[in-house]
Amino acid sequence: MQPKVSVVIPAYNSSPFIAATLRSALDQTYDNYELIVVDDGSTDATLEELKGFGNQIKLLSKSNGGPASARNLALQNSTGKYIAFLDGDDLWMPDKLAEQVEFLERHPEVGLTYAEAVVFVERNGQKEFRETIGFTGDTSFCHLLLGDHIPNSTVMIRRECVDKIGWLNESRELVAVEDYEYWLRLARSFPLKGIAKPMAYYRVHANNLMGDGENIERGLQLPLRVLNETERLFPDCWQQCGVEREVLFARLTIR
């Protein structure tokens, strides 16, 4: 039977976390799905961890190219009507897939749905839960121009949206924000709708984007790269949305 949902998981040097991530996917209450995991040229034990799951997953391996290239390879090898993204260090709540499939079935006009995520850190095997992220109000293209509020690991997309929009941008300049650029392209053509409840856990650890001072500085610049690419694709975006480009860019560059 062809799976209704294709779960896309990129993994790069994720050996401390990938087993827990996959277990959270395998423990879903919804069972009509495939798990496609792409080892993106890991140099640690990630590939060995993945092989241990045998035929429970569809395992692909490639040289390192970044998360966008890994997701694109998974998309090219997927068959589901819906696509769900899950990062190699995050976790899903058990009803995540069931609730989102039911939501998209009830709302055929929605191209992408997402939810909130609970931030956590893990120390000595104990989880410490923090704030909840993911604003699930207005998710228009114009609102997304002001900032990304869609947690990647909560997203489910219709196949026809991917067919129309194409693949994620694999530019190294957009690593860590390739998802934000993709949401903007999707929002230009399809309605996006958030579900106002947590459906995933976002793991904070030393190798996250915000893991150290150097990466924090880089993180402040990344949204500007997304906006520059969006402006290139849609030159009329500022006028269309009534956004003062200079004011927005100034706000994003304030230290």
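Student: Which is Thr 136, buried or exposed?
Tutor: The model is predicted: local features need pLDDT of at least 70, side-chain atom pairs count only at pLDDT 80 or more, and totals for chains, interfaces and linings use all residues. Residues are numbered from 1 along each chain as its sequence is written, and side-chain values use heavy atoms, with hydrogens and water left out. Buried means under 20% relative accessible area, exposed over 50% and partly exposed in between (1.4 Å probe, protein chains only). Thr 136 has a relative accessible area of 15%, so Thr 136 is buried.

Student: Which residues does Thr 136 touch, not counting residues up to four places away in sequence?
Tutor: Thr 136 is in the loop between strand 7 (126-133) and helix 5 (141-145); helices (H or I, at least four residues) and strands (E, at least two) are DSSP runs numbered from the N terminus. Contact means heavy atoms within 4.5 Å. With that sequence exclusion, the residues touched are Tyr 114, Ala 115, Glu 116, Gly 194, Ile 195 and Ala 196.

Student: How many residues of helix 3 are buried?
Tutor: The buried residues of helix 3 include Arg 71 and Asn 72. They pack against strands 1, 2, 3 and 4 and helices 6 and 7. Helix 3 (residues 67-76) is mostly covered, and of its 10 residues the number buried is 7.

Student: Why is the pair of Tyr 182 and Trp 183 called tilted?
Tutor: Rings of Phe, Tyr and Trp (its six-membered ring) pair if their centres lie within 6.5 Å; planes under 30 degrees apart count as stacked, over 60 as edge-to-face and the rest as tilted. The search of the whole structure finds 7 aromatic pairs. The centres of Tyr 182 and Trp 183 are 6.4 Å apart, and the pair is tilted because the planes are at 55 degrees.

Student: What is the distance of the charged end of Arg 245 from the ring centre of Phe 249?
Tutor: A charge sits over a ring if NZ of Lys or CZ of Arg is within 6 Å of the ring centre and within 35 degrees of the ring normal. Lys 164 lies over the face of Phe 190, at 5.5 Å from the ring centre. For Arg 245 over Phe 249, the distance is 4.2 Å.

Student: What is the relative accessible area of Asn 124?
Tutor: Asn 124 lies in the loop between strand 6 (112-123) and strand 7. Its phi is positive, near 55 degrees. Asn 124 is exposed, with a relative accessible area of 81%.
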